[in-house]
Each structure stands twice: as structure tokens, then as C-alpha cells.
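This report goes through one protein model with its ligands.

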Amino acid sequence: MKKIILSINAGSSSVKISVYSSEQNRDPEKLAETQITGITAPPAKLTYTRRGVTVTKNQAVTERLETQNDAFKVLLHTLTEDVGLPEIASKGDIAIACHRIVHGGDYTTAQVINQDTLHHLETLTDLAPLHNIKALQIVQSCVAELPGAANVACFDSQFHASIPEHIYTYPIDPVVARKNQLRKYGFHGISYQFITRAVARFLGREPADLNLIALHLGSGASACAIKNGRSWDTSMGLTPLAGLPGATRSGSVDPSLVFHYASDVGKLSPNSTKDLHISEAEEILNQRSGWAALTGTTDFGAIAAAPPSPDNHAKNLAFDLFVDRVCAFVGSYYVSLGGRVDALVFAGGIGERSARLRAAVADQAGCLGFAVDGARNEGVVAPGEDGAKGMVVQDVGREGARHRTLVCFTDEQFEMARGCAEDAELWT
Ligand SMILES: Nc1ncnc2c1ncn2[C@@H]1O[C@H](COP(=O)(O)OP(=O)(O)O)[C@@H](O)[C@H]1O
Ligand SMILES: CC(=O)OP(=O)(O)O
Ligand SMILES: [Mg+2]
């Protein structure tokens with residue numbers, strides 16, 4: 001029996017939805033994909049592709065989008081009102097709605113959402129302030145608007161359940177750490193799981209034999225050391241703030257910095273709500289830092305496009321700073337994997353689209369044996385873009401380089417839908 005799966009990915013700057021027709025234990029077949037990007041850099045843009053054909057591309061959204069849930073409603077309307085997509089002519093046609101929930105706390109597997117799971121997830125909202133509450137608002141919309149659908153929570157943290165204790169432990173009082181569950185969780189795991197499978201297939205290897213340094217570089221950016229197909233270490237931590245800088249996030253800084261930034265940083269921000277308690281400190285580091293603070297734009301495309309010149313000092317600085325921070329993880333993970341690295345993999349909006357960033361990182365990491373080929377690197381094409389047949393994984397490495405360098409067009413929505421197709425609980 002076929003079921004329609006709606007796979008919903010609420011990122012910090014975007015909402016992406018893919019619609020699949022799926023059978024149990026089969027790869028889901030994509031019917032349509034729609035997304036609103038640039039929610040943090042208005043006007044947001046809507047793109048809609050149905051059966052591989054672009055219906056709308058980067059159309060400015062006229063509705064006011066306060067939250068990811070507002071974007072979700074526009075996208076759901078786009079899908080259900082499209083006469084070319086009769087499979088979901090009625091909302092009742094949607095059997096499964098799967099949701100990317102960034103922080104899953106101690107959940108190590110996807111969960112069918114009921115009142116208990118929802119309540120437990122609500123307790124985690126403060127740990128992923130740019131994400132969890134927005135995704136949970138979308139879950140509530142689905143409960144209200146798609147009464148026939150089972151809602152499934154897929155966690156960005158679950159792929160990192162394999163990180164060993166000496167890596168996930170913070171050197172703080174263990175009693176407090178245990179009581180408050182203060183440890184490295186790690187995020188972007190749905191993406192890293194997709195990347196692991198896709199690269200294994202591309203290289204003709206079993207995931208269990210694969211070691212990768214994977215970089216998911218989007219509005220939020222992270223690195224992951226993948227050892228024998230499982231997460232060994234990752235740059236995000238207790239929350240998605242740690243590690244690399246992002247569109248509005250500082251990434252790792254000296255933890256004392258925030259007390260020197262402003263007085264009263266411990267007080268609740270006026271932007272806190274009944275459901276989200278965010279301190280001034282968290283707001284400064286999560287929402288008022290990163291590319292927005294350094295350059296005034298959250299669009300890394302604009303930063304990477306600025307040619308080196310004194311007139312572009314802020315953008316050039318942001319670019320160089322990012323290369324430096326990314327390479328610090330590449331070097332560190334190279335050592336923790338003992339130099340047995342099958343590939344350096346670029347993914348996420350920046351990793352997939354910025355040839356300049358890839359070249360700069362590979363050049364800086366050249367001493368480890370990574371190198372890109374200019375033409376291959378510039379020639380990367382997104383799968384399905386403008387009718388092009390770009391592959392999910394593309395080799396951008398230079399002939400003869402000691403290690404491979406790849407680009408992977410990650411697909412979190414597919415990875416979540418695939419998990420649902422394999423979840424027996426959803427098919428009885
Ligand atoms: N051509 C480009 N070059 C570099 N970066 C780009 C380009 N196009 C988009 N981006 C970056 O990709 C980011 C979005 O990445 P994505 O992974 O889709 O984000 P999200 O974290 O919301 O899931 C944008 O914020 C933008 O900075
Ligand atoms: C975890 C995270 O930062 O996600 P995104 O990059 O989608 O904002
Ligand atoms: Mg994302």
C-alpha cells in the first residue's frame with residue numbers, strides 16, 4: 001500500500017517541504033518539493049518544483065512571515081491548491097507528516113508524536129532557541145490541519161548518539177552535568193546520515209567502512225568526523241551555538257566573552273515568550289552575531305561574491321574567518337580519524353553553492369592531502385536545477401590528490417521520509 005509522506009524541515013532561515021509517495025521498506029518517490037528561504041533576510045523567496053519541473057523559482061513572498069510556521073502555512077497551501085498535484089488534492093491524503101526537530105535530548109530514535117512526546121520536547125525548547133519551538137509550532141499546525149496524519153519527530157541529534165563518552169563529556173562538575181543533562185549532543189545529524197549513505201553509495205563502499213570529514217555549512221554550520229559510518233565527533237554541542245559561526249550565530253567564543261559584552265546579560269531577553277526563555281546572552285550569541293553582525297547580511301552568497309578589496313573589508317574578513325574556523329575542525333578531525341579519511345565532504349547551502357569557499361578550505365587543508373580541481377569545483381550543478389541532471393554526490397577533487405574532496409547535495413527531507421518508510425509502527 002502506498003502512503004503520502006510530507007517531510008518538513010524547519011531550518012533557522014528556511015522551511016523546506018518534500019512530498020513523497022512511499023511503500024514500506026522502499027525508497028520514497030519524490031512528487032514535489034517546495035521551500036521558502038531567506039526568512040531572516042526578507043523578502044523571503046519561494047521555490048516550487050513538481051515532478052522535477054520548476055513551477056516557481058525564488059518568487060518573493062508577499063505574505064508577512066513572522067515565524068517558520070507562517071512559512072509552513074504558505075507552503076502547505078501551495079501544495080494542496082496545486083491542481084497538478086492531485087495526490088494531495090485533499091489534506092486527508094497525507095498519511096504521515098515527519099518533522100525535523102533539532103534537539104531531541106535523550107531520544108536516540110525517531111518518535112511518533114503523542115501528547116507525552118510533545119510535552120517532553122517542549123522542555124527542550126530553550127536548548128535550541130532558533131529551532132525547536134518553531135518546529136513544534138509546525139507540529140501543532142499539522143495536528144490541527146491534518147487530522148488524518150501520523151506526526152513523526154526525527155531528531156537532528158540522534159545520529160550523534162554514537163559519540164564516545166570522552167568526546168561528549170564537558171569537563172565540569174559531573175553531578176551538575178548529569179542532573180542538568182549538560183553534554184555534547186550535536187546537530188545536523190539527519191543531514192550527516194544522508195551524506196554517509198550517499199557517499200558510501202558513490203564510492204561503492206559499505207557505510208560501516210567509511211571515514212569522512214563532513215561539513216554541513218548553511219545558516220547554521222557544523223563539522224562532523226564520521227568513523228566507520230557513525231558520528232565520532234561534531235562541532236555543535238549542548239546547543240547548536242557551539243563550533244562554527246553561522247548567519248546570526250557566533251559559534252564558539254571564549255565563554256567569558258559574553259559577560260564583557262554587556263551588563264545584565266543573564267537577564268531574560270524582552271523577546272522571551274511564555275514558551276521560550278532566552279537570556280540576553282543567548283540572544284546576543286544566537287541572533288545578533290555571525291555574518292549579520294560582521295557584515296550586515298545573513299547571505300553568505302553575498303559575502304563570498306565580494307572580491308578582495310579594502311572596500312569589502314567586512315565581507316572579506318567574514319570569509320577568511322570562516323575558512324579559518326572550518327579548517328580548524330578539518331585539522332582536528334583529521335587527527336582524531338588517524339589520517340584515515342576517505343573524503344572531505346561539503347554540504348548545506350554554502351557547502352553546495354560556494355565554489356570559492358570550497359577552494360579556499362581545500363587550499364588551506366592542502367598540507368593534509370586535499371585539493372580541488374578548478375573546473376570540477378566551478379562546474380558543480382544542483383540535482384534537478386534548471387532541468388540539469390546534477391548528481392547528488394559530485395567529485396571536485398584534483399586528480400592524484402591523496403584524499404577525495406566531494407560535494408553532497410544533502411536532503412534531510414528524503415532521509416526523514418526514508419526513515420518513516422522503514423518504521424514498521426507506521427505501516428500496521
Ligand atoms: N550561491 C551561494 N553561495 C554561498 N552561499 C550561499 C549561496 N546561496 C545560498 N547560500 C547560503 O546558504 C544559506 C542557506 O543554507 P541552508 O542549508 O539552506 O540553510 P538552513 O540553515 O536554513 O537550512 C544561506 O543563508 C546563504 O548564506
Ligand atoms: C542545527 C542547525 O543549526 O540547523 P540549521 O542550519 O538548519 O539552522
Ligand atoms: Mg538546514
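Into which domains is the protein divided? The model is predicted, and the protein is divided into domain 1 (3-155) and domain 2 (204-412). The C-alpha centres of domain 1 and domain 2 lie 24 Å apart. Contact between the two involves 18 residues of domain 1 and 19 residues of domain 2. On the side of domain 1 that touches domain 2, seven residues are nonpolar, nine are polar and two are charged.

**Ligand shells**

Ligand 1 is surrounded by 18 residues, and the closest are G11, G218, S219, G301 and G349. By class, this shell around ligand 1 has four nonpolar, 12 polar and two charged residues. Helices α10 (300-305) and α12 (348-353) each supply at least two residues of the shell. The largest contribution to the shell around ligand 1 comes from α12, which gives four residues. Both domains take part: domain 1 (3-155) and domain 2 (204-412) each provide at least three residues of the shell around ligand 1.

Around ligand 2 stand G11, S12, V102, D156, F187, H188, G218, S219, G220 and P240. Three of the residues in the shell around ligand 2 are nonpolar, six are polar and one is charged. At least three residues of the ligand 2 shell come from each of domain 1 (3-155) and domain 2 (204-412).

**Strands and their pairing**

| Strand | Partner strand | Sense | Bridges |
|---|---|---|---|
| β1 (residues 3-10) | β6 (residues 94-101) | parallel | five |
| β6 (residues 94-101) | β8 (residues 150-155) | parallel | six |
| β9 (residues 212-217) | β12 (residues 343-347) | parallel | five |
| β12 (residues 343-347) | β14 (residues 404-408) | parallel | four |

Strand β6 pairs with β1 and also with β8. Seven of the eight residues of β6 are buried, so the strand counts as mostly covered by the neighbour criterion of 20 or more other C-beta atoms within 10 Å. In the pairing with β8, I101 has F155 as its bridge partner.

Strand β12 pairs with β9 and also with β14. Five of its five residues are buried. Which residues of β12 point one way, and which the other? A343, V345 and A347 point one way, L344 and F346 point the other way, and all are buried. In a regular strand, side chains alternate between the two faces of the sheet. Two bridge partners place β12 against its neighbours: A347 in β12 is the bridge partner of H216, and V407 in β14 is the bridge partner of F346.

Helix α3 (residues 132-145) has 14 residues and reaches 20 Å from its first C-alpha to its last, close to the 20 Å expected at 1.5 Å a residue. Its buried residues are N132, I133, K134, A135, L136, I138, V139 and C142. What do the buried residues of α3 pack against? They pack against the strands β1, β6 and β8 and against the helices α1 (68-80) and α2 (115-122).

Helix α6 covers residues 189-203. Its 15 residues should span 21 Å at 1.5 Å a residue, and because the end C-alpha atoms are 21 Å apart, the two values agree. The buried residues in α6 are G189, I190, S191, Y192, Q193, F194, I195, T196, A198 and V199. Just after α6, G204 takes a positive phi of about 65°.

**The loop residue M236**

M236 is found in the loop between β11 (230-234) and α7 (257-261). Is M236 buried or exposed? It counts as buried because it has 31 C-beta neighbours inside 10 Å, where the cut-off is 20 or more. Leaving out residues up to four places away in sequence, M236 touches G186, F187, S222, A242 and G243. One of these, F187, is also among the residues around ligand 2. M236 and G251 are 15 residues apart along the chain, and their C-alpha atoms are separated by 8.4 Å.

Terms used. Residues are numbered from 1 along each chain as its sequence is written. Chains are lettered from A and ligands numbered from 1 in the order in which they are written. This is a predicted model: local features need pLDDT of at least 70, side-chain atom pairs count only at pLDDT 80 or more; totals for chains, interfaces and linings use all residues. A residue is near a molecule or strand if its C-beta atom, placed from the backbone, lies within 6 Å of it. Ala, Val, Leu, Ile, Met, Phe, Trp, Tyr, Cys and Pro count as nonpolar, Asp, Glu, Lys and Arg as charged, and the others, Gly among them, as polar. Domain bounds come from an automatic or database domain assignment. The expected span of a helix is 1.5 Å times one less than its number of residues. A residue is buried if 20 or more other C-beta atoms lie within 10 Å of its own, exposed if 12 or fewer, and partly exposed in between; C-beta atoms are placed from the backbone. Two strands pair if DSSP finds at least two bridges between them. Two residues are in contact if their C-beta atoms, placed from the backbone, lie within 7 Å.
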